[in-house]
Amino acid sequence: MFLLVGLGNPGKTYANNRHNIGFMILESLKKFYNTPKFIKKFKSEYLKTNINENIVFLLKPMTYMNDSGIAVKEIKDFYNISINNIIVFHDEIDLSLGDVRIKKGGSHNGHNGLKSIDQFIGKNYNRVRIGVSRPSKLYEKNINENVSNWVLSDFTLEDKTIWLNSLIDNMSENISLLINNDTNNFLKKIKQIEF
């Protein structure tokens, strides 16, 4: 069994925020695999499907970002899912736009969703870090406030056209590689144009 967690905040206000890229990926997976609807349970919207003969749960915590770990722990404990089979998709300000890196464990790097998950289940889960970059230094009068404003602002039409939509589609089409732990091929298949 595998658990794919997309991090984000619930509600229309946040739907197109940079911070919600995890939710966007799970919505794309739902569409690509033509799965049943998300249902409300585990303080989340979740669904169960099969990918390459593996049972896979898609989970969007409805707790708001800072309490994501509560929802992840509930479903992990209920189905007894190994931490090794948990993959979390999240925005990463220290990567350039559209850059994707995968790692297991490590620091939450100030990301409140990861910080919450670390607190509730430990750190040794898999993370798919998707670059949303940082706000321009020209506007960083108060860096903490501006980073928060940045990740809670919407992706632009240019973002969607140049890299975001194609990246999310590529991830959905190649998710089975990630589930099979073939991370090198997964990263090659989703590789974006440089810009």
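Two strands count as paired if DSSP finds at least two bridges between them, and the strands themselves are DSSP runs (E, at least two residues; helices are H or I, at least four), numbered from the N terminus. This is a predicted model, in which local features need pLDDT of at least 70 and side-chain atom pairs count only at pLDDT 80 or more, while totals for chains, interfaces and linings use all residues. Residues are numbered from 1 along each chain as its sequence is written, and side-chain values use heavy atoms, with hydrogens and water left out.

**View 1. Strand β4 and its two partners.**
Start with β1 (residues 2–6), which runs parallel to β4 and is joined to it by four bridges. One spot to look for is Phe2, whose bridge partner in β4 is Val56. Strand β3 (residues 44–51) pairs with β4 too, in the antiparallel sense, over eight bridges. Here Ser44 sits opposite Pro61 of β4.

**View 2. The turn from β3 to β4.**
These two strands form a hairpin with two residues between them. Check out Asn52, which takes a positive phi near 50°.

Seven strands make an open sheet with mixed pairing, in the order β2-β3-β4-β1-β5-β7-β6. At the edges are β2 (39–41) and β6 (100–104), each pairing on one side only. From one strand to the next, the twist averages 30°.

Helix α5 (residues 157–173) lies across β6 and β7, at about 155° to β7.

**View 3. Two nonpolar cores.**
A nonpolar core is a set of buried Ala, Val, Leu, Ile, Met, Phe, Trp, Tyr and Cys residues joined through side-chain atoms within 4.5 Å. The largest has 33 residues, and Phe89, Ile130 and Met171 touch the most other members. Leaving aside neighbours within four places in sequence, Met171 is in contact (heavy atoms within 4.5 Å) with residues including Ile25, Val100 and Phe186. Apart from this core lies another, of 18 residues, among them Phe42, Phe57, Met65 and Val72.

Terms used. Axes fitted to C-alpha atoms, helices over the stretch in contact; angles between N-to-C directions. Buried < 20%, exposed > 50% of the residue type's maximum accessible area, 1.4 Å probe, protein only.
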